[in-house]
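Hello,

Here is the structure I said I would pass on. My notes on what was found in it follow below.

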Amino acid sequence: MTSVPTAAHERQRLADGQADPPLTMFGPDFPYAYDDFLAHPAGLGSVPPTQHGTEVAVIGGGLSGVISAYELMKMGLRPVVYEADRIGGRLRTVTFDDCATEGGAPLTAEMGAMRFPPSSTALRHYIDLVGLETRPFPNPLAPATPSTVVDLKGESHYARTLDDLPEVYREVMRAWNTCLEEGAHFSDMQRAIRERDVTAIRRIWSRLVERLDNQTFYGFLCDSPAFGSFRHREIFGQVGFGTGGWDTDFPNSILEILRVVYTGADDDHRAIVGGSRQLPLRLWDRAPGKAVHWPHGTSLATLHVGGEPRSAVTRLRRTADGRIAVTDTTGEERAYRAAVFTAQSWMLLSKIECDEALLPVDHWTAVERTHYMASSKLFVPVDRPFWLDVDEATGRQKMSMTLTDRMTRGTYLLDEGPNAPATICLSYTWCDDSLKWLPLEAGERLEVMLRSLSQIYPEVDVRQHIIGDPVTVSWENEPYFMGAFKANLPGHYRYQRRLFTHFMQDRLPDEQRGLFLAGDDISWTAGWAEGAVQTALNAVWGVMRHFGGATDAANPGPGDVFDSVAPVELPED
């Protein structure tokens, strides 16, 4: 269920006589224009020529790591990328090799990130840079979704729009909008973000952080008179807004949820045609047009032996001369003056032997307190998008995008054309719902899911359309991830601030400089690729500064303007 602007907001917009500026992920914690920074012809900055060719370790080959490496290469530095698994991280696209789309491309399944909001404008810069196409993602009740079925407590409702659902769902939608407006100044904040009014953003957000850092999502709902009904809260948790039910987020900090809805990250999603993993892979192979120092045609791939990153990191330590020594699974140790760490932060506690002196002690505490969301998916290939068949008796589609309180929770239907093989994401679940699947193998999961869906669609035989083996993932069981993404609990704001601001190292002692944290865990908007991009750019600025470089005066970087846009700082006592 999608949250909508309030009537007051719409009246003001019309009174202004113009459409709103686009909504972007500009804040609220760090209102800096990363998209403008990327688009500026002056570039992201430079390092002294004496530093050209200097090696910088980049640990983690996900989106944040690849972008960090790509931009450091453009400055004339030599990134050395370490990757434990495969390039792409949680941009993990797998293929059904024996199934092809109408155009002949392999049929794919997105095991990690699969939908991207238009407000992710820094991410969009790189999508456009490598020439990828996007298309609308079929979220519940979205314009790109032919129909949606909401199945709760054994009762199903078929809908093409919200108006097709019973009145209680519209009551829940109105309650959510009222809750946001009265409890979080929703219209005022969205207007400030649209207009990039830093003063207004900081004024509103600082008060909310101070008041709500100790509040859960569910507690925030309960505190609102609009959500006085348990029935409304239950329906909201199971059906939700934008992407579907969010009751698995109820224990998390309400600040995490506000960041999503303020910036429109919960709605109007796009999918990357051919799979999201193409983005880091294309950046890996791309030769920038304006790279400093390196000969024409240089790419990240050409800078690495065999075109592949080095293997997994097993140890990080500080050398006597202040460098960062990196040991990989081959046993080779190499020392660097700077390193960017973009992998899951828990890796620093479990998979990698680390010198404690690498980070300040309060940063280690923040890493230890990182809270991850569990998540699982299961996809199957089918012979065609049979769900588009219309039942002559009812005039309805045979099957729809489905939200339910049954084991499957969310089922997404993804077609590549009316006569081509297609895919079904039979189940997309989170946290406790995900843990229910953890002991089961892919085939066992499939059987449970088919039984669950047969209760909703007794006349539909999904099994007869399946043309290949299922593929599944439980991110909490992935050895180099241990969870899908970070989600702060109440009281975690201070921890997140420490991690996000780590790229500002001027105040750190010399022995704690040179290792820069980046990636999804470090961002304010974990779970959205935009946060990985933004923290990568922070780290690039930090490395540039570490090597004595600077940005062009016409295009100040995130560290240059830090004091004017810095995140709220809560007292530590």
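Arg196 is partly exposed, because its relative accessibility of 25% falls between the limits for buried (under 20% relative accessible area) and exposed (over 50%), with a 1.4 Å probe and protein chains only. Arg196 lies in the loop between helix H6 (186-195) and helix H7 (198-212); helices (H or I, at least four residues) and strands (E, at least two) are DSSP runs, numbered from the N terminus. Its phi is positive, about 55 degrees, although Arg196 is not a glycine.

Before the rest, two notes on the source. The model is predicted, and local features need pLDDT of at least 70, side-chain atom pairs count only at pLDDT 80 or more, and totals for chains, interfaces and linings use all residues. Residues are numbered from 1 along each chain as its sequence is written, and side-chain values use heavy atoms, with hydrogens and water left out.

Other backbone points

Most residues other than glycine have a negative phi, and most peptide bonds are trans. Leu141, in the loop between strand S5 (134-136) and strand S6 (148-152), has a positive phi near 65 degrees. A cis peptide bond, with omega about 10 degrees, joins Gly27 and Pro28. Pro28 sits in the loop between helix H1 (7-15) and H2.

Gln51 is in the loop between helix H2 (34-39) and strand S1 (55-59), and is buried at 14% relative accessible area. Its side chain makes a polar contact of 2.5 Å with the side chain of Arg337. A polar contact is a pair of N or O atoms within 3.5 Å; within protein, one must be able to donate a hydrogen and the other to accept it, and residues adjacent in sequence count only if both atoms are side-chain atoms. Leaving aside neighbours within four places in sequence, Gln51 is in contact (heavy atoms within 4.5 Å) with Leu77, Arg337 and Phe547.

Pro48 is in the loop between H2 and S1 and is partly exposed at 24%. Not counting residues up to four places away in sequence, Pro48 touches Phe547, Gly548 and Gly549.

Cysteines

How many disulfides are there? The count is zero, a disulfide being a pair of cysteine sulfur atoms within 2.5 Å. The sulfur of Cys179 is too far for a bond, because the closest cysteine sulfur, in Cys222, is 9.5 Å away. Cys431 is in no disulfide either, and the nearest cysteine sulfur, in Cys425, is 16 Å away. Cys179 is buried at 2% relative accessibility, and Cys431 is buried at 15%.

Helix H15

H15 (residues 493-500) is largely enclosed by the rest of the structure, because six of its eight residues are buried. These are Tyr493, Gln496, Arg497, Arg498, Leu499 and Phe500.

Regards
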